[in-house]
Amino acid sequence: MLLVPLVETLHAPAMLGYAGAEWSTWQNATSLPWHPKVHYRPEQAPDGTWIVRADSRAAASMLTRRVVIDPVKTPQISWSWKVEGPIARADEAQRRSDDVPARLYFFWNLRRKEDMPRATGIAYIWGNSRPAGTVHAAPDTGRIGIYVLRSGREEAGTWKHESRDLRADYRDFFRREPTGPVTAVALLTDTDQTKGHATAWYGPISVGRVR
């Protein structure tokens, strides 16, 4: 089964948003059919921007959108996000407790759900316990590089803007150039390991050239 029926080729500048018909290009899916889903829904911010609110209660499901992004031509990515707070007893570097209030994934070689074990990716997280600036492999696979951009309670409750060079981060983690285009982007607010709860908000994701 395809992640979503539409594949978009993005050229600079481009924006991945959530308003109107664009919302239908995102798919909320779990890795296993019996897993509880995170509740993702579009909301309008006070400034009129459409954002996504994620409410997770002992749940884990990705809000995924299929795309084609060339990280060589358009490596610059930026977005804003906000979290309610960290997740009690969670540690993003430990397999049995790797829940985080907010994640943004960029995947290579992920076109179908069955591709997940072979996909590679970079994930940017708002974590719980590891300090901002930490980089490590995902606890369950060395094929996903985790970049901790924010952490803990100090900045919770306020919108924070992020800007990254996706190509540079890929080279930094994998020690090689990206292998082809990004094929999927995903949001994830998960609490399945700790059986806790978390709320996060995600703004639109922009894609462009490094300035």
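Predicted model: local features only at pLDDT ≥ 70, side-chain atom pairs only at ≥ 80, totals over all residues.
Which residues of H1 are the buried ones? They are Leu166, Asp169, Tyr170 and Phe174. These four span an arc of only 105° around the axis, so they sit on the same side of H1.

Both ends of the helix have a detail to look at. At the start of H1, a side-chain oxygen of Asp165 comes to within 3.2 Å of the backbone nitrogen of Arg167. Just after H1, Arg175 has a positive phi of about 60°.

## Glu162 in strand E12

Strand E12 covers residues 160–165, and Glu162 is part of it. Is this glutamate buried or exposed? Glu162 counts as buried because its relative accessibility is 7%, and the cut-off for buried is under 20%.

What does the Glu162 side chain pair with? It makes a polar contact with the side chain of Trp81, at 2.8 Å. If you skip neighbours within four places in sequence, the contacts of Glu162 are Ile77, Ser78, Trp79, Trp81, Leu149 and Arg150.

## Thr189 in strand E13

Thr189 belongs to strand E13. With a relative accessible area of 0%, Thr189 is buried. Its side chain reaches the backbone oxygen of Pro101 at 2.7 Å.

Leaving out residues up to four places away in sequence, Thr189 touches Val38, Tyr40, Ala54, Ser56, Ala59, Val100, Pro101, Ala102, Ala198, Ala200 and Tyr202. For a C-alpha view of the packing, take Thr189 and Arg103: they are 86 residues apart along the chain, yet their C-alpha atoms are separated by 6.3 Å.

## The largest pocket

If you're setting up a grid, here are the pocket numbers. Rolling a probe the size of a water molecule over the atoms shows where empty space is left. The largest pocket holds about 930 Å³ of space. How many residues line the largest pocket? The count is 34, and those nearest the centre are Ser31, Met62, Tyr105, Met116 and Asp140.

Which strand gives the most to the lining? That would be E11, with four residues. Sorted by class, the lining has 16 nonpolar, eight polar and 10 charged residues.

## Positive phi in two loops

Most residues other than glycine have a negative phi. Ala58, in the loop between strand E5 (50–57) and E6, has a positive phi near 50°. Asn109 is in the loop between E8 and E9, and its phi is positive too, near 60°.

Terms used. Residues numbered from 1 in each chain as written. Heavy atoms only, no water. Buried < 20%, exposed > 50% of the residue type's maximum accessible area, 1.4 Å probe, protein only. Polar contact = N/O pair within 3.5 Å; in protein donor to acceptor, adjacent residues only side chain to side chain. Contact = heavy atoms within 4.5 Å. Arc of directions from axis to C-beta. 1 Å grid on protein atoms, 1.4 Å probe; cavity = no way out; pocket = protein on both sides within 12 Å on 5 of 7 lines; lining within 4 Å. Points joined across faces, edges and corners; volume = space filled by probe spheres on them. Nonpolar A, V, L, I, M, F, W, Y, C, P; charged D, E, K, R; others polar.
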